[in-house]
Structure formats: C-alpha cells, structure tokens
Amino acid sequence: MDGPQGHVPELWPGRGGPESLLPLEAEAAEEWQEALADLTPPELFAHLSYFCTEGEAGLMYLRTERSGGDLLADENCTLIANWEEGQGQVEFAVVQVGELLAGQRPS
C-alpha cells in the first residue's frame with residue numbers, strides 16, 4: 001500500500017521502529033504459526049505471537065467470541081476482536097461504539 005507521497009508508509013510512524021515494541025515473549029498457537037512465520041522484523045513476530053497463544057502465556061485471540069457476554073450490545077456497539085488470557089482475568093477488546101456513545105456523525 002502506498003502512502004500519500006507514493007512510498008510505503010512506515011510500520012511504526014513516529015514511534016521509533018521495532019525497538020519500541022513491548023518485549024513480549026510467548027509462542028503462538030499452532031494455528032497461527034504459519035500466518036506469522038514470514039513477519040519481519042523478528043520483534044514484530046515476537047510481539048504479535050503474544051496475542052495468538054493458547055492462553056498459558058500470552059493471550060488467546062477469540063475473534064468475536066467473548067466469555068463475558070455481549071460487550072455494550074445494549075448501546076448498539078459491535079465487538080470487532082477479542083483477546084483473553086487463559087485464567088479469564090485479563091481481556092482486551094476492540095469495539096465499534098454505537099451512535100449513543102460516539103455521538104452523531106457530522107453530515
């Protein structure tokens with residue numbers, strides 16, 4: 001994908017590059033090994049692997065499944081992606097908020 005000046009955009013604009021990633025270490029689940037195998041630099045591979053584990057170390061990617069039920073469904077929000085760790089004490093979710101929470105869009 002080309003950026004506005006016709007070049008490939010930086011992967012980490014304004015963040016200093018791969019050395020600015022958190023030094024996360026966990027082995028990706030088998031189903032994710034092939035998808036992540038060709039990632040470069042190695043820091044990106046290690047970082048993303050942490051978010052694709054079985055939950056023992058790191059987080060499990062659950063797509064749009066959530067053990068705690070619909071997140072903000074009453075406010076017309078949509079769960080886009082969800083991660084949990086194996087003991088069910090940590091959860092990260094990407095949620096598209098509904099109009100009630102986001103406010104009306106300018107026309």
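**Entry 1**

The scale I used calls a residue buried under 20% relative accessible area, exposed over 50%, and partly exposed in between, with a 1.4 Å probe and protein chains only. The model is a predicted one, in which local features need pLDDT of at least 70, side-chain atom pairs count only at pLDDT 80 or more, and totals for chains, interfaces and linings use all residues. Residues are numbered from 1 along each chain as its sequence is written, and side-chain values use heavy atoms, with hydrogens and water left out.

Which side chain meets Arg63 in a salt bridge? I found that of Glu31, at 3.8 Å from N to O. A salt bridge here is a side-chain nitrogen of Lys or Arg within 4 Å of a carboxyl oxygen of Asp or Glu. I searched the whole structure and noted one salt bridge. The pair links distant parts of the chain, 32 residues apart: Arg63 lies in the loop between strand 1 and strand 2, and Glu31 lies in helix 1 (residues 30-36). Glu31 counts as exposed, because its relative accessibility is 57%.

**Entry 2: Elements and sheet**

I counted three helices and three strands in the chain, in the order α-α-β-β-β-α from the N terminus. Helices (H or I, at least four residues) and strands (E, at least two) are DSSP runs, numbered from the N terminus.

I then traced the sheet, which is open, has three strands in the order 1-2-3 and pairs them antiparallel. Strand 1 (60-61) and strand 3 (91-96) are its edges; each has a single partner strand, so one side of each lacks a neighbour in the sheet. Two strands count as paired if DSSP finds at least two bridges between them. Strand 1 is joined to strand 2 (residues 78-84) by two bridges, and I noted Glu84 in strand 2 as the bridge partner of Met60.

**Entry 3: Asn82**

The side chain of Asn82 reaches the backbone oxygen of Glu65 at 3.0 Å. Leaving out residues up to four places away in sequence, I listed what Asn82 touches (heavy atoms within 4.5 Å); among them are Met60, Arg63, Glu65 and Phe92.

**Entry 4: The chain as a whole**

I noted that buried residues make up 25% of the 107 residues. Of the contacts between residues at least 6 apart in sequence, 32% join residues at least 24 apart.

Notes
A polar contact is a pair of N or O atoms within 3.5 Å; within protein, one must be able to donate a hydrogen and the other to accept it, and residues adjacent in sequence count only if both atoms are side-chain atoms.
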